[in-house]
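Subject: Structure handover

Hello,

The sequence and structure are placed below for your use. Notes on what was found in them follow.

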Amino acid sequence: MANVTRDFFIGLSNNKCLNDQAKKWGFRLGAEKFVAGTNIESVTKVVKDLNRNGISCTIDNLGEYISVKSEATAAKQELIKIIEKIHVEKLDCHISVKLTLLGLDIDRAFCIDNIKEVLDVAKEYNVFVNFDMEDYSHYEQTMEVLHLFKDTYPLIGTVIQSYLYRAADDLEGLEDTRIRLVKGAYKEAESVAYQSKEEIDRNFIQLAKERLLGDAFTSIATHDHHIINELKMFIADKKIDKSKFEFQMLYGFRTEMQYELAEEGYPFCTYIPFGTDWFAYFMRRLAERPQNMNLVLKDVFYT
Ligand code: FAD
């Protein structure tokens, strides 16, 4: 049953027509709890508030599966404005970007040019840029882009998904690169990805421990308290330096635990999406946690 619900919401997240329509609706279905407004000013306000509480942030300008060049160009300009804002306002913040937002599905060379422009500004202002990992059809290309740029732009990284069989092998080439470790948010085939929660969790814990023992920085991105508690014990036991990792969670999820971890002295970063293109992001969150449906029902029946 859980898999049927998950497949249903993942199916909705991939529906281009609904994604396009939702941009015109404004926030609906309770999405505003998980998305920090539609513009740079609204997201900046949220970042400043979290920074005041010792929490660093990463901003995601929502949008993916872009198929028109003008939209990718507009997204690039918006990302550059965000980086400038981070610099001017001295925010403790970096950016997360999906390469399809910058035109990966349109034309690879066009996308590479867009990325380069964003990375040039990020380098000038010393702002870290993380390439979010999308579904498996974009995996190889995202890795290629990372390897293409990582020597010229040291302040870049990407995401490794523990549901992929190849995750451990791919991490072997990334011992010098900042990585966000996640379980993986998409529906992937049995030929490439573990399907059971036990295997995905086991792989996550193993990869996290290996990374923590290595040299490069790792963002441990999960809301799973079982995993967080196990890794907290590992970190204490192995005396892992706090400069080598952070915990990450999504804006609007387990907010109390986010503050608790920061108060306990763990480096913590909140991933903050903003923008009008919220539908696919929100549907994936419903796929992971159908309990969020309560919000949807409230929105439908009480507004
Ligand atoms: P789950 O397996 O969803 O939950 C495990 C357990 O934790 C649950 O059974 C429950 O007991 C508890 N729990 C979880 N959420 C809650 C809650 N809200 N309230 C109470 N208890 C809860 N995926 C990608 O594919 N690419 C990316 O680039 C990417 N970036 C991400 C960035 C961040 C910062 C985070 C946090 C996730 C990202 N993801 C990304 C999504 C990720 O892959 C998972 O799909 C998502 O995080 C759900 O898995 P989980 O590890 O949080 O725990």
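Which strands each supply at least two residues of the shell around the ligand? They are strand E4 (156-161) and strand E7 (245-250). The labels come from DSSP: helices are H or I runs of at least four residues, strands are E runs of at least two, and both are numbered from the N terminus.

Two points on conventions. Residues are numbered from 1 along each chain as its sequence is written. The model is predicted, so local features need pLDDT of at least 70 and side-chain atom pairs count only at pLDDT 80 or more, while totals for chains, interfaces and linings use all residues.

Ligand shell

The ligand is surrounded by 21 residues, and the closest are Val182, Ala185, Thr222, His223 and Tyr271. A residue is near a molecule or strand here if its C-beta atom, placed from the backbone, lies within 6 Å of it. E7 gives the most to this shell, with three residues. Sorted by class, the shell holds 10 nonpolar, five polar and six charged residues. In this scheme Ala, Val, Leu, Ile, Met, Phe, Trp, Tyr, Cys and Pro are nonpolar, Asp, Glu, Lys and Arg are charged, and the others, Gly among them, are polar.

Annotated positions

An unreviewed UniProt entry lists "binding site" at Met133, Gln161, Lys183, Gly184, Ala185, Lys197, Thr222 and His223. The UniProt feature "binding site" (unreviewed entry) is also listed for Lys98, Arg284 and Arg285. UniProt positions are in the numbering used here, feature names are shortened, and annotations may be inferred rather than shown by experiment.

For burial, C-beta atoms are placed from the backbone, and a residue is buried if 20 or more other C-beta atoms lie within 10 Å of its own, exposed if 12 or fewer, and partly exposed in between. Contact means that the C-beta atoms of two residues, placed from the backbone, lie within 7 Å.

- Gln161 lies in strand E4. Gln161 is buried because 27 other C-beta atoms lie within 10 Å. Not counting residues up to four places away in sequence, Gln161 touches Met133, Ala167, Val182, Lys183 and Gly184.
- His223 sits in the loop between strand E6 (218-221) and helix H9 (225-237). His223 has 17 other C-beta atoms within 10 Å, so His223 is partly exposed. With residues up to four places away in sequence not counted, His223 touches Met249, Phe253 and Arg254.
- Arg284 is in helix H11 (residues 279-288). Arg284 is partly exposed because it has 19 other C-beta atoms within 10 Å. Leaving aside neighbours within four places in sequence, Arg284 is in contact with Ile10, Ser13 and Ala185.
- Arg285 also lies in helix H11. Arg285 has 21 C-beta neighbours inside 10 Å and therefore counts as buried.

H11 as a whole is mostly covered, with eight of its 10 residues buried. Among the buried residues of H11 are Phe279, Tyr281, Phe282 and Leu286.

Two strands pair if DSSP finds at least two bridges between them. Strand E1 (residues 56-61) is joined by six bridges to strand E8 (residues 268-274), and the two run parallel. Within this pairing, Cys57 stands opposite Thr270, and Ile59 has Ile272 as its bridge partner. E1 also pairs with strand E2 (residues 93-97) in the parallel sense, over four bridges. The partner of Cys57 in E2 is Cys93. E7 and E8 run parallel too, joined by four bridges, and Leu250 stands opposite Tyr271 in E8.

Two right-handed β-α-β units occur among these strands: E1, helix H4 (residues 69-88) and E2 make one, and E7, helix H10 (residues 255-263) and E8 make another. Right-handed means that, with the strands pointing away from the viewer, the path from the first strand over the helix to the second runs clockwise.

How many residues of E8 are buried? Seven of the seven are, so E8 is largely enclosed by the rest of the structure. Phe268, Thr270, Ile272 and Phe274 point one way from E8, and Cys269, Tyr271 and Pro273 point the other way. In E1, five of the six residues are buried.

Regards
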